[in-house]
Amino acid sequence: MLNYKSPINTEIKHNDISIKEVSPIMKLNLRGKKREFFTAVGKHLDMILPIEANTSSSSSKLTSIWLSPDEWMIISNDITEKDTNKYILEENLRNSISKTNLGAVIDVTDHFVMLELEGTNIYELFSSGSPFNFNKFKEKKGSTTQTLLNNIDVIIHNKGDNLVNLFVRRSFSEHLYSWINDSASRL
């Protein structure tokens, strides 16, 4: 992240939808399934990882998103410094999980771009480019899904009333952002 250059440099505002990149945000991928893994993670994150599909859990500083029965994405709730790519939390987790063979800790901060979408028409926008049915999703704060949006793999996290975080691979982010801009202007 020391030479962080985002492919997205503008904020989109169309038809009661605003979209912007939130960066830099620490993103870690955790994998494991042993009881000791959950104990170590709980100690360092000060939260319990969600074990139910398509859910998340949050503390004051972090959010954990369920990705599979043995995989989670941990994101910071606050923007981090741009001139660093080292995180104390990552180092602590790596020492107590990876180095003890309880699981894996991978920094995916530069791998994913996080977009924040806000407005009353965001689910109409999603429905125009995704096969996922958002009817129940939009009603439950904290729900998550991995789906396709304009044929691009994304992770969507419902943060509350008309507020969503969307994670997309950096290599697809500019294309998806362009599609969102075009689609939002036509709603």
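The model is predicted. It contains an open sheet of five strands in the order β4-β5-β6-β3-β7, with antiparallel pairing. Helices α1 and α2 each lie across strands that include β3, β5 and β7. Further antiparallel pairing joins β2 to β8 and β8 to β11.

**The five-stranded sheet**

- The strand order is β4-β5-β6-β3-β7, and the pairing is antiparallel. The edges are formed by β4 (56-58) and β7 (103-107); each has a single partner strand, so one side of each is left without a neighbour in the sheet. From one strand to the next, the twist averages 20°.
- As a general point, strands of a sheet pair through backbone hydrogen bonds, in either a parallel or an antiparallel arrangement.

**Helices across the sheet**

- Helix α1, comprising residues 35-45, lies across β3 (27-32), β5, β6 (71-76) and β7. The angle between α1 and β3 is about 155°.
- Helix α2, comprising residues 88-98, lies across β3, β5 and β7. Its direction is at about 160° to β7.

**Packing of α1 against α2**

- Two packed helices are described by the angle between their axes and the distance between the axes.
- The axes of α1 and α2 come within 10 Å and cross at roughly 160°. Because an angle over 145 degrees counts as roughly antiparallel, α1 is roughly antiparallel to α2. The crossing of the two helices, α1 and α2, is right-handed.
- On the α1 side, the contact is made by F37, A40, V41, H44 and L45; on the α2 side, it is made by L89, N92, L93, S96 and I97. The residues of this contact comprise seven nonpolar, three polar and no charged.

- Strand β8 (residues 112-119) is mostly covered, with seven of its eight residues buried.
- β2 and β8 run antiparallel and are joined by five bridges. Within this pairing, E21 stands opposite L115 of β8.
- β8 and strand β11 (residues 163-169) also run antiparallel, joined by seven bridges. V113 has V168 of β11 as its bridge partner.

- S18 is located in strand β2 (residues 17-21). Its relative accessibility is 19%, and S18 therefore counts as buried, the cut-off being under 20%.
- Apart from neighbours within four places in sequence, S18 is in contact with E11, I12, K13, E116, L117 and E118.

**Backbone features in loops**

- The peptide bond joining S23 and P24 is cis, with omega at about -10°. P24 belongs to the loop between β2 and β3.
- D46 is not a glycine, yet has a positive phi of about 60°. This residue, D46, lies in the loop between α1 and β4 and is exposed, with a relative accessible area of 67%.
- N54, likewise not a glycine, has a positive phi of about 60°. N54 is in the loop between α1 and β4 and is partly exposed, its relative accessible area being 36%.

Definitions and conventions
Residues numbered from 1 in each chain as written. Predicted model: local features only at pLDDT ≥ 70, side-chain atom pairs only at ≥ 80, totals over all residues. Heavy atoms only, no water. Helix = DSSP H or I, 4+ residues; strand = E, 2+ residues; numbered from the N terminus. Buried < 20%, exposed > 50% of the residue type's maximum accessible area, 1.4 Å probe, protein only. Contact = heavy atoms within 4.5 Å. Pairing = 2+ DSSP bridges. Axes fitted to C-alpha atoms, helices over the stretch in contact; angles between N-to-C directions. Parallel < 35°, antiparallel > 145°, perpendicular 65-115°, else oblique. Left-handed = near helix turned anticlockwise from the far one by under 90°. Nonpolar A, V, L, I, M, F, W, Y, C, P; charged D, E, K, R; others polar.
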